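Me: I would like a close look at one part of this protein. Please take it step by step, in short sentences.

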Amino acid sequence: MPGARGAEDQTAPDAGYKALMELIDDGFCVIQFIDGPRGPLSDYVHIEANSGYERHTGIDGIVGKTVFDVAPQDGDEWVKIYGEVLRTGEPLRFEREFVEVGRHIEVSARRVEPASKAQVAVLFRDITDRKQKERELRESQRRAEKNARHVARALSAGAILGTWVWYLDSETFDLDDDFSRSMGLDPARAVEGLTIEQIVVNVHEDDKPGLMAAIHRATQQTSPYAHQFRVRRADGRYHWVEANGRMESQTPRIFAGVLMDLDDRRAILEERDKAAAALSQLNETLEQRVEEQTAKLMQQEEKLRQAQKMEAVGQLTGGLAHDFNNLLTAISGSLEFVAKRLEDGRPEEILRYLEAARSSTERAAGVTQRLLSFSRQQSLMPKPTDVPQLVHGMEDLLRHTIGPHILIRTEHSAAPWPAMVDPNQLESALLNLCINSRDAMPDGGTITISTANEVIQDGHSELQPGNYLRLSVRDTGTGMSAEEISKAFDPYFTTKPSGKGTGLGLSMVYGFARQSGGCATIEADCGVGTTVNIFLPRSTAAIEFPTAQRPVAEAPAASADHSILVVDDEVIVRFVVVEALEEAGFTVYEAGNATDGLALLHEQPGVSVLLTDIGLPGGMTGRELASRAKESREDLKIIFMTGYDEEAATGPAQVDAEVLLKPFDFDEMVHRVKRLSGLS
């Protein structure tokens with residue numbers, strides 16, 4: 001075995017040999033090739049080494065260690081390198097990084113003869129410092145070349161005007177032609193003999209002291225120098241420049257740098273400052289303009305919503321006209337029968353006719369109030385709402401609008417949740433959806449209005465997870481295509497013939513649903529029908545139900561000492577109001593307009609209660625009459641009589657007043673007057 005043979009041939013060196021090895025400053029060792037796990041001569045062991053080995057590698061006690069003991073990662077590579085020397089007998093000299101010890105070494109290797117010894121002598125030295133200096137030199141050269149390229153590009157681009165080198169010890173300058181021209185000097189003039197004062201002679205007088213002070217500071221230290229100043233050139237104009245440099249050496253002292261053009265940069269900065277000032281001024285008014293624009297958008301949105309509601313109101317006119325004609329026929333017919341029965345002396349039969357007239361009047365009042373409530377303009381005011389009850393309350397209104405050829409059905413879940421929604425706007429949306437369904441069924445069909453509780457989990461494209469009430473309007477009409485469904489909620493998109501629709505109905509429904517915290521969806525098939533779903537957030541608050549009206553208690557009779565003023569331009573209305581009050585024992589004065597009423601108040605200081613209509617002729621409304629009356633009669637009690645709504649009665653010029661909505665119960669009217677007069 002080569003390893004065994006090498007061990008037999010190995011002899012201890014004599015003292016002179018050892019002394020010679022120690023005289024060598026470089027590292028030295030002899031390696032003996034042996035058989036290893038990878039085959040014959042696939043490993044080697046260090047059999048001799050001098051003290052320089054440890055100095056140059058940092059490895060102590062190398063004798064007796066194999067290559068894989070000290071270089072487990074690169075062992076195969078070292079065996080290959082020295083094995084080639086052993087095989088060929090050719091000396092080898094190379095440099096290599098010794099990764100395991102983090103050093104670079106320069107290696108010389110030679111076979112120990114005879115070859116049968118399987119030994120190689122290795123001489124090496126640590127060249128890590130030299131390699132580091134070479135790397136630093138290459139990096140310095142690379143940076144210098146890069147900087148030179150940058151300077152050349154800057155010079156060619158005009159960013160750098162010129163360069164200077166000032167040898168302070170000899171007070172001489174090396175100025176290029178571009179520097180001289182930029183400083184307003186003649187490039188042809190020899191620079192020898194120029195002083196720093198002569199070089200800066202064309203610098204603006206206001207800038208020269210600061211420049212000289214900056215130069216003095218820069219030449220006393222090695223930190224970078226930069227200073228801006230103005231200099232007059234051959235064109236007679238002052239130009240802004242910037243000098244950049246630093247002390248490159250202290251021995252000899254060399255101060256070098258470049259001169260840069262600032263005219264374009266300062267122009268850009270001036271433009272930037274102007275833009276910043278303009279932007280600042282713009283920001284100062286931005287909030288106000290945003291508020292104004294937002295207010296305009298909200299007004300436009302409200303106008304669109306109101307326009308859509310009024311379009312729906314227009315759809316009601318035909319059905320309402322028909323229904324009101326029926327009600328008026330019932331009222332007038334009942335009154336005729338009352339008159340005939342009185343003529344015939346049969347008064348006991350008139351009660352049923354009077355009840356029929358009263359019933360028709362109440363029905364007409366209900367439809368009127370519903371229509372006025374629906375059509376009036378207002379902002380969204382969401383509150384807990386019983387949606388099935390709202391649908392039930394609209395059924396008569398919907399049937400008047402849709403017509404007799406279409407059946408309206410309702411389906412509600414057993415325990416529907418209350419929804420947080422503006423009920424007035426929901427009525428508008430529901431009416432518009434039913435009108436759309438009616439138009440999709442020209443030959444008749446069925447509209448089904450249903451409600452159901454929905455729990456939305458993660459993954460819905462438009463709704464946050466939570467509880468919702470779903471209101472659905474399903475018809476059996478012509479349906480919609482997928483393309484029509486994708487555009488259905490777009491403003492002004494409509495499938496109706498020209499002049500038959502604005503295209504705002506579904507977009508307003510969608511906007512209302514989103515504004516309410518829900519969304520709207522459409523399900524449809526061509527020729528089968530369409531379903532529109534409105535998802536409304538569930539309300540956790542209780543629904544507020546109107547307080548039931550208690551029966552009017554019997555009040556003491558009035559005396560003639562209590563005077564009442566009634567102002568109404570409708571003669572018949574004024575007649576019946578006055579009759580009812582006089583029958584109750586009041587002294588009553590009456591007027592047909594606000595001017596006459598105001599005059600009566602001055603003439604009759606005993607009047608304690610004013611009953612006035614709001615819509616009066618002659619340029620003065622009932623509100624204005626009440627306000628002017630209160631100026632001189634603070635204790636005067638006011639009751640507004642109106643056929644519109646409470647919001648109109650208590651709008652601008654609001655006064656402390658009660659409101660009676662026409663048609664009203666006359667017993668209730670008398671009761672209120674007595675209460676305000678202190679009789680109940």
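Which residue forms a salt bridge with Arg 130, and how far apart are the closest N and O atoms?

Reply: The partner is Glu 95. The closest N and O atoms of this salt bridge are 2.4 Å apart. Keep in mind that this is a predicted model.

Now place the two residues. Arg 130 sits in helix 6, which covers residues 128-157, and Glu 95 sits in strand 3, residues 92-98. They are 35 residues apart, so the pair links distant parts of the chain. Arg 130 is partly exposed, because its relative accessible area is 34%, and buried would need a value under 20%. Glu 95 is partly exposed too, with 37%.

This bridge belongs to a network. Asp 26, Arg 93, Glu 95, Glu 106, Arg 125, Arg 130, Lys 131 and Glu 134 are linked by salt bridges. Find each of them in the view and you can trace the group. For the whole structure, the search gives 27 salt bridges.

Arg 125 and Glu 106 meet through their side chains in a salt bridge, with 2.9 Å from N to O. This pair also links distant parts of the chain: Arg 125 belongs to strand 5 (residues 119-126), Glu 106 to strand 4 (residues 103-112), and 19 residues separate them. Their surroundings can be read from the accessibility. Arg 125 counts as partly exposed at 32%. Glu 106 counts as buried, because its relative accessibility is 13%.

Next, look at the loop between strand 4 and strand 5. Pro 114 lies in this loop. A cis peptide bond joins Glu 113 to Pro 114, with omega about -5 degrees. Ala 118 has its place in the loop between strand 4 and strand 5 as well. Its phi is positive, about 60 degrees, although Ala 118 is not a glycine. Ala 118 counts as buried, because its relative accessibility is 3%.

Go back to strand 3, residues 92-98, where Glu 95 sits. Several residues with nearby numbers take part in other contacts. What sits over the ring of Trp 78? The charged end of Arg 96 does, 5.2 Å from the ring centre.

Trp 78 has an aromatic partner as well. The search of the whole structure finds 11 aromatic pairs. One of them is Trp 78 with Tyr 82, a stacked pair. Why give two values? A pair of aromatic rings is described by the distance of the centres and the angle of the planes.

Trp 78 counts as buried, because its relative accessibility is 4%. Tyr 82 is buried as well, with a relative accessible area of 6%.

Phe 33, Tyr 44, Trp 78, Tyr 82, Phe 94 and Phe 98 form one aromatic cluster.

Now put the pieces together. Start at Arg 130 and step across its salt bridge to Glu 95. From there, the network also takes in Glu 106 and Arg 125. Those two residues lie in strand 4 and strand 5. The loop between these strands holds Pro 114 and Ala 118. Then turn to Arg 96, whose charged end sits over the ring of Trp 78. Trp 78 leads on to the aromatic cluster, which includes Tyr 82 and Phe 94.

Arg 130 is partly exposed, with a relative accessible area of 34%, whereas Trp 78 counts as buried at 4%.

Methods:
Residues numbered from 1 in each chain as written. Predicted model: local features only at pLDDT ≥ 70, side-chain atom pairs only at ≥ 80, totals over all residues. Heavy atoms only, no water. Salt bridge = Lys/Arg side-chain N within 4 Å of Asp/Glu carboxyl O. Helix = DSSP H or I, 4+ residues; strand = E, 2+ residues; numbered from the N terminus. Buried < 20%, exposed > 50% of the residue type's maximum accessible area, 1.4 Å probe, protein only. Phe/Tyr/Trp six-rings, centres within 6.5 Å; stacked < 30°, edge-to-face > 60°. Lys NZ or Arg CZ within 6 Å of the ring centre and 35° of its normal.
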